Amino acid sequence: MPVPEHMNPGRIDVHQHVIPPARGQAMAGRAAAVGWPAPTWDESSAIAMMDRRSIATGVLSYAAPLAAPDDPATAREVARGVNEYTAELVKNRPDRFGHFAALPLPDVDGALAEAAHALDELDADGVVILSNAHGRYPGDPEFEPLWAELDARCALVLVHPTAPPGAPLPDVPPPLADFPYDTTRAALHMTMRGVPRRYPRMRMILPHAGGFLPYAAHRFALAARLRTDATVDGSATTPEDFLADLRRFYFDTALSSGPSALPSLLAFAAPDHILYGSDFPMLPEDWGTDFDTALGDFPHWEPGRLHAVNRGNAELLIPRLAQARVP
């Protein structure tokens, strides 16, 4: 039986970020450069925020470039430091935190090594990649060994947006439009290259309701009609197959429970593929609570479905969090 909303033991937030002390200055500088509020983070403020917003557990990820494009050694070093810092937080408070481990893409060998370390030694709940790695998108054939390994592990992958290649529009901070655009671009690239179909055990989460994907999914499905070599890479051969592959993705609700976005997401996504996300601390908390209110006040929830979004679906992906409770 579904848990009544008034007895909900607290949300599971699959889209919450960590900023280790050593990375705070870099994150603030990156935000300032694009005209976005500078995020700050520490463990106590994160837990206080979760208590205010009925979030039992936040699955933490570090979602920013790890180093310059020509410095894979530093990217490996930063990924290891971020992941070990986050793993220690989870070790101390497994009820309140989870962990998506950062991978130093486009360095595939480095990403494979870090994924093995994080999943085997640090007990990470999954991994996080960016929607493009210094201009390399996740459908790139070079990344196939990583997807094969993550599929063999039935791994959970958060595909977090970043800025696409090229200059941003003046007066339009990339998180407003470019990030959802790049999420959409990454998902389409993977789907056209057959990645979700070839690796069905790898569960991939698209933040922010998948960017523009649910709204324009049937338009995107026309891609199948453009393919003349679809059987070569195992990608979809009909629009119906393409839509089915797009529905393999999971979607979170961060900044995406408004009166036009939420109905589109609910109409497109499988009911068990929608997850709660806050995006804390990448936006001021009151911005996020407005979307929380819209999510709870949506008037057309079917019985049990809001509970599934708030935590039930995440429990299926990360079973250890089923026992997490708000103190």
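Thirteen residues, given as 13 in the count, line the largest cavity, and among them Leu255, Gly277, Gly288, Phe291 and Asp292 lie nearest its centre. A cavity is here a set of points, on a 1 Å grid over the protein atoms alone, where a 1.4 Å probe fits but cannot get out, whereas a pocket is an open set with protein on both sides within 12 Å along at least five of seven lines, and lining residues have an atom within 4 Å of a point. The lining of the largest cavity divides into six nonpolar, five polar and two charged residues, where Ala, Val, Leu, Ile, Met, Phe, Trp, Tyr, Cys and Pro count as nonpolar, Asp, Glu, Lys and Arg as charged, and the others, Gly among them, as polar. The whole structure holds three cavities of 30 Å³ or more.

This is a predicted model, in which local features need pLDDT of at least 70 and side-chain atom pairs count only at pLDDT 80 or more, while totals for chains, interfaces and linings use all residues. Residues are numbered from 1 along each chain as its sequence is written, and side-chain values use heavy atoms, with hydrogens and water left out.

| Space | Volume | Lining |
|---|---|---|
| Largest pocket | about 890 Å³ | 42 residues |
| Second largest pocket | about 280 Å³ | 25 residues |
| Largest cavity | about 60 Å³ | 13 residues |

In the largest pocket, the residues closest to the centre are Pro174, Pro175, Leu176, Phe179 and Pro180. Helix H6 (174-192) gives the most to this lining, with six residues; helices (H or I, at least four residues) and strands (E, at least two) are DSSP runs, numbered from the N terminus. By class, the lining of the largest pocket has 30 nonpolar, nine polar and three charged residues.

In the second largest pocket, Pro65, Leu66, Leu105, Leu130 and His134 are the closest to the centre. Strand E4 gives the most to the lining of the second largest pocket, with three residues, and this lining divides into 20 nonpolar, three polar and two charged residues.

A search of the whole structure finds four aromatic pairs, where rings of Phe, Tyr and Trp (its six-membered ring) pair if their centres lie within 6.5 Å, and planes under 30 degrees apart count as stacked, over 60 as edge-to-face and the rest as tilted. One of them joins Phe143 and Trp147, whose ring centres are 6.2 Å apart and whose planes stand at 75°, so the pair is edge-to-face. Phe143 and Trp147 are buried, which is to say under 20% relative accessible area, with exposed over 50% and partly exposed in between (1.4 Å probe, protein chains only).

Trp147 also belongs to the buried residues of helix H5 (residues 144-152), together with Glu144, Leu146, Leu150 and Asp151. Seen down the axis of H5, these buried residues fall within an arc of 160°, so they line one face of the helix; the arc is that of the directions from the helix axis to the C-beta atoms. They pack against helix H4 (108-121), strand E4 (126-130), strand E5 (156-160) and helix H7 (195-198), with contact meaning heavy atoms within 4.5 Å.

How values were computed:
Grid points are joined across faces, edges and corners, and a volume is the space filled by probe spheres set on the points.
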